[in-house]
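Work through the exercises below with the sequence and the coordinates open. Each task is followed by a stepwise solution.

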Amino acid sequence: MIRRPPRSTQSRSSAASDVYKRQVHGGTPEHEFVSMGVYSEGWYSVPKDIFFSFPVKCRNGTFEVVTGLKIDEFSESKIRNTADELIAEKEEALGLEGNNE
């Protein structure tokens with residue numbers, strides 16, 4: 001038997017999808033940005049090749065990561081810790097943890 005997610009989960013998922021579509025396709029207001037999970041290219045010292053939340057501006061169905069924002073030491077340490085956790089989870093999921101080959 002296939003179980004469907006609860007309606008509240010479906011509603012949240014639908015709302016998140018609507019916001020995403022509105023931001024990416026409708027664009028973000030001038031001088032504003034939103035946070036979006038993006039495949040990292042090394043911005044803000046986040047290692048490449050993991051998905052991470054970055055500030056982005058959206059225009060014409062595409063996005064661009066906002067660079068150059070000042071990050072305080074506390075936030076930088078939280079970003080580093082979160083990135084380390086994501087890398088560990090990725091390695092575990094791919095069976096790479098502890099594999100030195």
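**Exercise 1.** Is Glu30 buried or exposed?

Solution. The model is predicted: local features need pLDDT of at least 70, side-chain atom pairs count only at pLDDT 80 or more, and totals for chains, interfaces and linings use all residues. Residues are numbered from 1 along each chain as its sequence is written, and side-chain values use heavy atoms, with hydrogens and water left out.

Step 1: take the classes, where buried means under 20% relative accessible area, exposed over 50% and partly exposed in between (1.4 Å probe, protein chains only). Step 2: Glu30 has a relative accessible area of 54%, so Glu30 is exposed.

**Exercise 2.** Find the salt bridges and place each in the fold.

Solution. Step 1: apply the criterion, a side-chain nitrogen of Lys or Arg within 4 Å of a carboxyl oxygen of Asp or Glu.

Step 2: Arg59 and Glu30 form a salt bridge with an N to O distance of 3.3 Å. Arg59 is in strand β2 and Glu30 in the loop between α1 and β1, so this pair ties together parts 29 residues apart in sequence. Helices (H or I, at least four residues) and strands (E, at least two) are DSSP runs, numbered from the N terminus. Arg59 is partly exposed, because its relative accessibility is 31%.

Step 3: Arg80 bridges to Glu76, with the closest N and O atoms 3.3 Å apart. Both residues belong to helix α2 and are four residues apart, about one turn of the helix. Arg80 is partly exposed at 43%, and Glu76 is partly exposed at 36%.

**Exercise 3.** How many aromatic pairs does the structure hold?

Solution. Step 1: rings of Phe, Tyr and Trp (its six-membered ring) pair if their centres lie within 6.5 Å; planes under 30 degrees apart are stacked, over 60 edge-to-face and the rest tilted. The structure holds three such pairs.

Step 1: one of them is Tyr39 with Phe51, tilted, at 5.0 Å centre to centre and 55° between the planes. This pair links distant parts of the chain, since Tyr39 is in strand β1 and Phe51 in strand β2 (residues 51–59), twelve residues apart. Tyr39 is partly exposed at 41%, whereas Phe51 is exposed at 57%.

Step 2: the ring centres of Phe52 and Phe54 are 5.6 Å apart with planes at 50°, so this pair is tilted. Phe52 and Phe54 are both buried. Together with Trp43, Phe52 and Phe54 form one aromatic cluster.
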